[in-house]
Amino acid sequence: EEMMMGDDIEPLTNEARMLTNAAVTPPLFSPTLRAHYERRLRREYVVEDLSDSFDFDDEWAAAISSPSGFHALSNLYARCGVKIALNFHDFMEVPALPSNQALSLTEKALFKAKSVYGLTGFPAIAVLVRFSVTPSSATNSADPALANPMSAPSGAGRRVSSLRDGVPEDASEEAAVAAMVGPQGFVSDGENGAQVDAVCRRYQARLADNSPPAVWDARCVYYDGVSEVVTEGLCQVDMVFAEAGYAAVAAQHAVDWMYEELLTRLNLDMNRFYRGAEALMTDARKPTGSEEVVKAFEGAAMLREKIAREAVLLPGGILKVSSFLNHMVDVPLMEACGEELGERLRKTMPTKILTAESTGLLPGMVVARTLGVPLVYARKGRLISVSDSYQTSFKSNTKGTTSELMIGTEYISQGEKLLIIDDFLAGGSTIEALIRLAKMAHATVVGLGVLIEKVGGGGRASLSGFRIPVESLAKVKVLPDESSFEIIDEEPFEAGML
């Protein structure tokens, strides 16, 4: 059911009025937002009536330039019953407007959020990322080109070639970049990935001991006409590793802090979505013979059949599944298993999926997609690019070696609800190491999902004190003589306790 927008569609904020007043030049402008407002004036835009909605209680709008960032934000708030229906991704600086130089990053993000609220009437979330490189005085004196990496030397009058994938960038873009570069370095607001990569490559070509770091500074703003909330995110990377993708790290930090803040301020109900999902799952489990019931059991059935046909038992009771999991991957099988694990563990309401490289990534990514949450994986070994991290070690029962696991401190926040996903549960050493990492970050492990559980391997016994729900799609029991194994039949969706 839909209803027409009300008669009162005047801009609700000063920022919105600037975008609709031809006599005023705003500091930022969004063509799609202006077009949306004109549709409202012509009564061509309708608002969905959510009064009887099973899934959503409220409707918001956003101003996020990254499509993947908007998708992640939509999934994040959907669990609270909030539908982010609109996104105005194309906010841009108005060229040659001196007032731009006086606006801080926070003021620009506020302008975006208030403009969206003012012209849509929806509570708005806006994200803005600033990329900057600030050379030291030594760097400036040693190589003046680094202070302005996209411009030619003064008076040279030549076009500077900046290559991306072997193709020179457009001269007009270079001119725009040069206009934003001052003698103290490079600053750019927005997420122009090609521009950022060009600047980073220019610095990387002249790396020295005193090379400046690349910094991404993000702001996330919420505005609904009454509440105004601002959160920040920061990512600093050594220049040798710098590339445009780090903008997403800073933005995600700001978005995560905003989510935590709004959960409290607006009394958002994280259980809103899952109560509805649980009701649907309960109905789907009834023996109706529908297609949904068949799909619910598809992953476990496929995995058990694959194990029966292709798994090989090696000396020492080690189950070799290299033909479909550990070496060659059966992609449809992984997708089916990941979807089923996600549905089985949806009730745990995680904020992130946690796994270990590398085979845990295969089902973990599908579970993360199914639940609409990010995935974080613990690396085996330390990375030069990660300065602060949580670290622990564990002994692999399969390989007989000791390995380290580490996670950057910025990727798990205090209070996060983590769902661990892995390929095997045998001795439980890897899972226990992941739980230790979560505890170091003051996060809570809310559940465990594995593809294959080796019955009698000691995993359940060693992890019994953590008391977290577990789901395994296939339980395999190695017979005492270690010459063969059997696959245990189980009723699906029958969760146990570790």
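Glu305 and Arg309 sit four residues apart in helix α11, about one turn of the helix. Helices here are DSSP runs of H or I with at least four residues, strands are E runs of at least two, and both are numbered from the N terminus. This is a predicted model, where local features need pLDDT of at least 70, side-chain atom pairs count only at pLDDT 80 or more, and totals for chains, interfaces and linings use all residues. Residues are numbered from 1 along each chain as its sequence is written, and side-chain values use heavy atoms, with hydrogens and water left out.

**Salt bridges**

Side chains of opposite charge can pair when their charged atoms come close. A salt bridge here is a side-chain nitrogen of Lys or Arg within 4 Å of a carboxyl oxygen of Asp or Glu. The structure holds 19 of them.

| Pair | N to O distance |
|---|---|
| Glu305 and Arg309 | 3.1 Å |
| Arg219 and Glu232 | 3.8 Å |
| Lys352 and Glu416 | 2.3 Å |

Take Lys352 and Glu416, whose side chains meet in a salt bridge. Lys352 lies in strand β16 (residues 352-356), and Glu416 lies in the loop between β19 (402-408) and β20 (417-425), so the pair ties together parts that are 64 residues apart in sequence. Are these two residues buried or exposed? Lys352 is buried, because its relative accessible area is 6%. Glu416 is buried as well, at 7%. Buried means under 20% relative accessible area, exposed means over 50%, and partly exposed falls in between (1.4 Å probe, protein chains only).

The salt bridge of Arg219 and Glu232 has an N to O distance of 3.8 Å. This pair links distant parts of the chain: Arg219 is in strand β12 (residues 214-223) and Glu232 is in strand β13, 13 residues apart. Arg219 counts as buried, at 10% relative accessibility.

Glu305 is partly exposed, with a relative accessible area of 46%. Arg309 is exposed, at 51%. Both belong to a network of salt bridges that links Glu305, Lys306, Arg309, Glu310 and Asp330.

**Helix packing**

How does α11 pack against α13? Helix α11 (residues 298-310) meets α13 at an angle of about 135 degrees, with the axes 7 Å apart. Axes are lines fitted to C-alpha atoms, for helices over the stretch in contact, and angles run from 0 to 180 degrees between N-to-C directions. The two helices are therefore oblique to each other. Angles under 35 degrees count as roughly parallel, over 145 as roughly antiparallel, 65 to 115 as roughly perpendicular, and the rest as oblique. α11 passes α13 in a left-handed crossing. Left-handed means that the near helix is turned anticlockwise from the far one by less than a right angle; right-handed means clockwise.

Helix α13 (residues 331-344) also packs with helix α14 (residues 361-371). Their angle is about 50 degrees and their axes are 8 Å apart. α13 and α14 are oblique to each other, and their crossing is right-handed.

**Two loop residues**

Phe91 lies in the loop between β5 (82-87) and β6 (92-93). Phe91 is buried, with a relative accessible area of 15%. The C-alpha atoms of Phe91 and Leu33 are 8.6 Å apart, although 58 residues separate the two along the chain.

Val240 is in the loop between β13 (228-237) and α8 (247-265). Val240 counts as partly exposed, at 48% relative accessibility.
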